[in-house]
Amino acid sequence: MEHRPLDISRDTLEIIEQDFAGLYSGELGLSSISGGQTAADTALANLDITGYAGRRSEVLPRSKRGASVLSPYIRHNILTLDEVYRAVKTAPYKDREKFRDELFWQEYARHLYARVGTRLFENLRFDANRDAQGHGWNREMRCLDEVLSELEDDGWLVNQTRMWLASHWTVRNNVGWLQGQELMYRELIDGSRAANLLGWQWTVGAGTGKPYGFARWQVEKRAPELCGQCPLNKACPIQEFPDEVSLPQVETDALLTHDPDPSLSAGPSEPIRSADPKYVLLTIDSLGDADPALVANPDLSVVFIFNTEALTKLQLSSRRIGFYLETLRDLSTRRDLLVFKGDPYDFAQSTPVAVTFAPVPSFTKFTSIAELHPYPWLKRPGSGSVRSFSAWRKAH
Ligand SMILES: Cc1cc2nc3c(=O)[nH]c(=O)nc-3n(C[C@H](O)[C@H](O)[C@H](O)COP(=O)(O)OP(=O)(O)OC[C@H]3O[C@@H](n4cnc5c(N)ncnc54)[C@H](O)[C@@H]3O)c2cc1C
């Protein structure tokens, strides 16, 4: 690990350009969605989900969108699901129920990933095209170009257009979903393996057997201004829906229906202390002021380590790294914070740290943690089925 901490008081783009060369992909730039607890708290304070149920899938004009744009904060637990769930208690019934249902989809994704781990990179229940090589997005189509430009410029998309991209890539163009999800994951500032893999698997039919079809119909309904500007308006490659298919089943993992040891997925329910921590170590799965390890140790300095090995491999966008830097800079106004590039697992091995559990496979790389704190679940994982959202809801 580099011994000198990064000076995060510098301009964000300058830090990325100078200190993250080779560790990110694409053009240098920042999302219009700011990172940090302060920005998250403002977004939550301004949250008004009136009309959400009817408008969550609107794409253009942007003023018609009903989506909350809270996902970058929720994904990193800068806002916990529980906090957001409670914040909408006085909203109109229909909107509140629909919105809370989506929060449960997020929680379901976390439970599923915690349960099956890297098995979520394989077809879960039905045999969708996972591996065929190629490129499934035609930028001559105005609808796809618009969506891809928003993804590249802002690192964020509404749910509807994420489905368009996933469906067009695999269901229409027969390119393996694994490669498509990786491209999207790099760009999304809310990118999480749990929700992104779930979103792709469910859109391409690997979760349900029924692929989601994307056609001109959705564009005219959700973004009516686009077709008129499209060079392919008169030769639309998605004029008709793709043929409906039912995918064959794959052999499913027994873990999908029953977890013999849910405590492995859920992590500890109480703090576990084996030594006095010297620092609080934050991970990207918990970057909020309410991080349990942070709250339990108000006087300790805080460390965040950009994992150089992971970043070299993942090649995340500069927008995503910028979001983390903004979040850390905001935290540094309230806590003594040291930011490094290096290996967080080595650091925890050689230095006693307090860490909050994260329900992701890479967390097992921590072989030594002085003080381990529980993850802030909305519903603590049990042993019941995670085969489908409805089965999981019944069990939770
Ligand atoms: C192909 C594909 C890839 C996706 N990749 C991601 C990802 O990497 N990270 C991510 O957080 N979400 C992902 N989603 C889910 C969803 O699209 C986003 O969470 C949502 O669009 C974020 O916008 P919002 O905050 O305005 O959501 P809102 O509609 O305002 O919903 C509120 C919150 O509920 C949760 N949520 C909403 N819809 C879903 C959903 N379908 N699945 C899981 N959680 C949901 C999010 O935390 C969101 O912030 C993906 C969906 C698809 C179809």
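This is a predicted model: local features need pLDDT of at least 70, side-chain atom pairs count only at pLDDT 80 or more; totals for chains, interfaces and linings use all residues.
## Strand pairing

Two strands pair if DSSP finds at least two bridges between them.

Strand β7 (residues 353-356) and strand β8 (residues 371-373) run parallel and are joined by three bridges. Within this pair, valine 355 sits opposite leucine 372 of β8.

## The sheet

β7 and β8 belong to an open sheet of six strands. The strand order is β2-β8-β7-β3-β4-β6, with mixed pairing. Strands of a sheet pair through backbone hydrogen bonds, either parallel or antiparallel.

Which are the edge strands? They are β2 (272-273) and β6 (337-342). Each of them pairs on one side only.

## A helix across the sheet

## Where α1 meets α16

α16 (residues 318-331) also meets helix α1 (residues 12-19). The two axes come within 10 Å and cross at roughly 120°. The helices are therefore oblique to each other. The crossing of α1 past α16 is right-handed.

Which residues make the contact? From α1 come Thr12, Leu13, Ile15 and Ile16. From α16 come Ser318, Ile321, Gly322, Leu325, Glu326 and Arg329. By type, the contact residues of α1 with α16 are five nonpolar, three polar and two charged.

Methods
Residues are numbered from 1 along each chain as its sequence is written. Side-chain values use heavy atoms; hydrogens and water are left out. Axes are lines fitted to C-alpha atoms, for helices over the stretch in contact, and angles run from 0 to 180 degrees between N-to-C directions. Helices (H or I, at least four residues) and strands (E, at least two) are DSSP runs, numbered from the N terminus. Angles under 35 degrees count as roughly parallel, over 145 as roughly antiparallel, 65 to 115 as roughly perpendicular and the rest as oblique. A crossing is left-handed if the near helix is turned anticlockwise from the far one by less than a right angle, and right-handed if clockwise. Contact means heavy atoms within 4.5 Å. Ala, Val, Leu, Ile, Met, Phe, Trp, Tyr, Cys and Pro count as nonpolar, Asp, Glu, Lys and Arg as charged, and the others, Gly among them, as polar.
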